[in-house]
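Please find below some notes on the model shown here.

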Amino acid sequence: MAITMTKGQTGLTGNAAIAVAMKQINPDVCAAYPITPSTTVIEDFSSYVADGKVTTELITVESEHSAMSACIGASAAGARVMTATSAQGLALMWEMLYIASGMRLPIILTNVNRALSAPINIHCDHSDSMGARDSGWIQIYSETVQEGYDNLIQAVRIAEDERVLLPAMVCLDGFITSHAIENIALLEDEDVKKFVGEYRAQNSLLDTDKPSTYGAMTLPDVYINFKHQQSQAIARAKEVVIEVGKEFGKKFGRTYALFDAYRLEDAEAAIVILNSAAGTTKVAVDELRKQGKLVGALRPRLFRPFPFKEIADALSHVKAIAVLDRADSMSGFGGPVFNEVRSALYDADKRPKVMSRIYGLGGRDYKVKDALGVFNELQKVLETGKVETLQKYITI
Amino acid sequence: MEDKKTELPLGGIIPEGGTAHDYSTGGWRKLRPIVDKDRCTNCLICWVMCPDSAVIVEDGKMVGFDLEHCKGCGICAVECPDKVKAITMEEEG
Ligand code: SF4
Ligand code: SF4
């Protein structure tokens, strides 16, 4: 709970803030299994359940596979459903993630990013959520505790929008954001309740007057058509993310977009980076700007669907770009964010030079000096017009 | 090209009940149950045991099989009491 109280601000860890958002959303069902570093989300939330602060049915299960299965069952019954996990927990949900999205169930999951084993490691990287990037879930990444809290509230509206009806995952950095205390502005319970509104499922397994079947077999005559529907729905999620981010800003003063561009308008070199490390990068940008260097940063907020056109437009005037990934897709050809960004820029009139740098795996620190080192490399690319090493590990 | 099937219900959900009736499970039958009504005592054990509700009963009497849904598993033939053994399974022609 709150550690410090200054006017209008509450000192909370990322996980505590997520639990407060869940309390304010008051979902019908929450099924979860504890795993570091997401454990305290459900620990805090279960206190709210025990203290009668929410009316949520909390289902404690024996594994994450069961947690997601219970979420799917409850969602098919028409409930608003939430859960939280990390790393191996998300990996164990894998099979069910596809079932949730394929059945178009708007389940909300907080993924506290942690490295996947082996070797076993409990600290931050994005290998867990990046592995799930093709599972049909919307993915929203959060730089700060405040954004994690705000994103979770918005995710409910985005997932449940009838143009979308897909599950959504809100990601924040394990320990760095989940366990660090930040002064944030909480919304009033009543405002959150109004903002998320009431969820009315299109079908409910419990509605015996209107019986329905979930999970029926489909053969080659229709399977691809259902996937086509799903693909169109996730593409539509982009406009809903924009709308909801704007409405959130209008009501509560903090507007959110598809990505966060920092000092990018006249930048010649830029770093693209997700989540908390964007903050460190911005400090490096400020230092270099003081020396007159034209540098900037871009932090994607929405990663699935990937706003390729908007990101390409924002970056196409930049001459040299380094995309920093806190996950390696083990292709020998750059990290997952790198591949999306570089592909998005393919249609630009003057294609920027783009390189991949993998950083911070398993919680390795990413410091201002690391960002400065990357900008140094980009400077060389500006001078020579050449990328010498396409993919490289840094912070090692 | 516009996809004609985009009007399908979301997520493969079947938004109505009793649709299994429209699906012909009889299509894959290899063995066909034949009842000898001279031996049958109308105990209705076959009707109870058939997993596909393919035994037809009228006015409390077993009258035959719904071959659209009978998949030929032979459970009815096994369950028909030993004293009568009124059902035999024959190869589909
Ligand atoms: S063969 Fe099987 S499916 Fe057919 S009537 Fe007998 S029990 Fe039912
Ligand atoms: S189980 Fe045999 S005797 Fe009984 S109703 Fe069926 S066919 Fe007739």
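1. Pro33(B) counts as buried at 4% relative accessibility, where buried means under 20% relative accessible area, exposed over 50% and partly exposed in between, with a 1.4 Å probe and protein chains only. Pro33(B) belongs to strand S1 (residues 31–35) of chain B. Helices (H or I, at least four residues) and strands (E, at least two) are DSSP runs, numbered from the N terminus. Leaving aside residues up to four places away in sequence, Pro33(B) touches Phe65(B), Leu67(B), Cys70(B), Cys76(B), Ile87(B), Thr88(B) and Met89(B); contact means heavy atoms within 4.5 Å. Leu8(B) is 25 residues from Pro33(B) in sequence, and their C-alpha atoms are 37 Å apart in space.

2. On provenance: this is a predicted model, in which local features need pLDDT of at least 70 and side-chain atom pairs count only at pLDDT 80 or more, while totals for chains, interfaces and linings use all residues. Residues are numbered from 1 along each chain as its sequence is written, chains are lettered from A and ligands numbered from 1 in the order in which they are written, and side-chain values use heavy atoms, with hydrogens and water left out.

3. Ligand 1 is surrounded by Cys50(B), Pro51(B), Phe65(B), Cys70(B), Lys71(B), Gly72(B), Cys73(B), Gly74(B), Ile75(B), Cys76(B) and Met89(B), each with a heavy atom within 4 Å of the ligand. This shell divides into eight nonpolar, two polar and one charged. In this scheme Ala, Val, Leu, Ile, Met, Phe, Trp, Tyr, Cys and Pro count as nonpolar, Asp, Glu, Lys and Arg as charged, and the others, Gly among them, as polar.

4. The shell around ligand 2 includes Cys40(B), Cys43(B), Cys46(B) and Cys80(B), along with Thr41(B), Asn42(B) and Pro81(B). Ten of the residues around ligand 2 are nonpolar, two are polar and none is charged.

5. The contact between the chains takes 13 residues from chain B and 18 residues from chain A. About 1400 Å² is buried between them, with carbon and sulfur atoms giving 59%; buried area is the accessible area (1.4 Å probe) that two parts lose on being put together, summed over both. On the chain B side, Leu10(B), Gly11(B) and Ile13(B) lose the most area to chain A, together 36% of what that side buries.

6. Helix H6 (residues 145–160) of chain A has 16 residues and reaches 23 Å from first C-alpha to last, close to the 22 Å expected, which is 1.5 Å times one less than the number of residues. H6(A) bends by about 25° at Gln154(A), the angle being taken between axes fitted to the seven residues ending there and the seven starting there. H6(A) is largely enclosed by the rest of the structure, because 15 of its 16 residues are buried.

7. Backbone geometry in chain A deserves a look. The peptide bond from Thr36(A) to Pro37(A) is cis, with omega near 0°, and Pro37(A) sits in the loop between strand S3 (29–32) and helix H2 (39–50). The bond from Ala118(A) to Pro119(A) is cis, with omega near -10°; Pro119(A) is in the loop between strand S6 (108–113) and helix H5 (127–131).

8. Ala87(A), not a glycine, has a positive phi of about 40°. Ala87(A) lies in helix H4 (residues 87–102) and is buried, with a relative accessible area of 0%. Thr395(A) has phi near 60°, follows strand S16 (391–393) and is buried at 11%.
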